[in-house]
Amino acid sequence: GLGLTGAMVYSIYSLRHPEEQFEPSPDKKTLVILGTGWGAVSLLKKLDTENYNVVVVSPRNYFLFTPLLPSCTTGLIEHRSIMEPIRNILRQKKATVKFFEAEATKIDYEKRIVHISDDSEIKGDISDTEVPFDMLVIGVGAENATFGIPGVRENSCFLKEVNDAQNIRKRVMDCVETAMFKDQTEDEVKRLLHMVVVGGGPTGVEFAGELQDFFNDDLKKWIPEIQDNFHVTLVEALPNVLPMFSKQLIDYTESTFKEEEITIRTKTMVKNVTDKYIEAQVTNPDGSKSIEKIPYGLLVWATGNAVRPVIRDLMGQIPAQKDSRRGLAVNEYLVVNGAENIWAVGDCAITNYAPTAQVAGQEGAFLARLFNTMAKTDAIEKELQHLSDTQSQAKSNDERNQILDEIRERQKQLRRTKQIGPFQYSHQGSLAYIGKERAVADISWLSGNIASGGTLTYLFWRSAYLSMCFSSRNRVLVAVDWIKARLFGRDVSR
Ligand code: NAD
């Protein structure tokens, strides 16, 4: 017993106190990675860091498991349970990786320099500086699309980062408590308890489902007065929600929402937002159009991605990016078109695939393989050079033949390593939680195309997310949060 405990303590100790690390070296290339999201982190996880001087720059010193972010808006999951410190990931690498918590403000393609700026509250003597690179991987993601619709930025909550989820959580409770304020008028109570979600993609659908769960499981039991007026509405410009899923799953989602009493307003395009209502253009069944004002207490805006300014600026520096609109155009090896030594992964890169975590993760892993191979080929080529030098100076025939054999062996190795093919996305399926302990799944690796919805799918959704959660630490934390909410309900303090 004691021996086992000792071994366990030692293994935890050695995990937390890794062997001595290598120092940056002048004869290695400097590889700068921008971002700590799905693309950048899956690259980091698989990269042999001893081949390069690796520098990571991101305004966020943690990885965020975004698929469970909607659950943080209701307190079902605490946000720290889905955060993984980047320092924790980096210290498990063989060679030192430098990390700078900063935003990349400009990428100078010609000079091979990234300008970075410390955007945190505490600033040292230096808060703006430059990082030179030999190779650059851009994985900065995207920002929230607003399509220039007036009032969106000022009045709505987004759902991309941890603080967005926290804002929503506070705002929901603020709406509820304000609605319960003494002498509140009836119209105002209705407005305050109207939760409007704009955008019927998976983000909007999952959030609407989680919010309605919160109401059904906890809110209405704890504050019965809000029963008749608390209402979730999902607004979508297109004729249906979840366009990436099959017709059957769309129908299943729509009927589940009906049971849950979530209102779906399709063919309703928001055109203007004020602090108390949205104005939307509604296409009526007869094809005519009308403008409608919809009052809200909470407005969550989930209409997809837009290009970040730092990316737009870089695109302006590269003639080959002139015709690209939605992000950096890349080739099949994820090299940014027209820019040698710059790669892009995830939502800032334009590929043939949807901007999902799954795609970004696979792109990052592909680049790791590519860079590991590049380092290996470099090393073999150097050895080959050295071998042919020594061969010309060989004294005896025997020695020369021996070197020749070795050269052939190295050349074979070189051919093998150089065989890395272009990036190919392998779709594992799509999963979305729709509330009421139901999920929809489109799982392509199960014999063809199985579309399924329901409670079993939901259990699958849960176990899939648990097994995908980044570290075992996150896995434990998320599982405990789920159990806590089952036992005690969600925490409704603001
Ligand atoms: P999205 O782009 O998938 O959906 C946005 C929706 O907003 C669209 O249906 C669009 O028609 C609608 N819209 C746009 N402007 C509007 C307006 N003015 N008024 C009303 N509706 C308007 O965005 P998302 O849901 O944030 O997803 C972004 C990406 O992330 C997608 O690729 C998605 O597949 C992926 N994602 C996947 C999952 C999952 O698999 N569970 C979860 C979240 C996000």
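**Reading a helix, a ligand shell and a hairpin**

A: There is a kink of about 45° in α8, centred on F215. The model is predicted: local features need pLDDT of at least 70, side-chain atom pairs count only at pLDDT 80 or more, and totals for chains, interfaces and linings use all residues. Residues are numbered from 1 along each chain as its sequence is written, and side-chain values use heavy atoms, without hydrogens or water.

Q: How is the bend at a residue defined?

A: The bend is the angle between axes fitted to the seven residues ending there and the seven starting there. Helices are DSSP runs (H or I, at least four residues), and strands are E runs of at least two, numbered from the N terminus.

Q: What span should α8 have?

A: The expected span is 1.5 Å times one less than the number of residues. The 21 residues of α8 should therefore span 30 Å, and the end C-alpha atoms are 29 Å apart, which agrees.

Q: Which residues come nearest to the ligand?

A: A residue counts as near if one of its heavy atoms lies within 4 Å. Of the 23 residues around the ligand, T203, E236, A237, V270 and L431 come nearest. A polar side-chain atom of E236 is 2.6 Å from a ligand oxygen atom. A polar backbone atom of G304 lies 3.5 Å from an oxygen atom of the ligand. Elements giving two or more residues to the shell are α8 (202-222) and β14 (268-273).

Q: How do β15 and β16 pair?

A: Strands pair if DSSP finds at least two bridges between them. Here β15 (residues 277-283) and β16 (residues 289-295) are antiparallel over 7 bridges. V282 stands opposite S290 in β16. The two strands form a hairpin with 5 residues between them, and G287 in the turn has a positive phi of about 90°.

Terms used
Polar contact = N/O pair within 3.5 Å; in protein donor to acceptor, adjacent residues only side chain to side chain.
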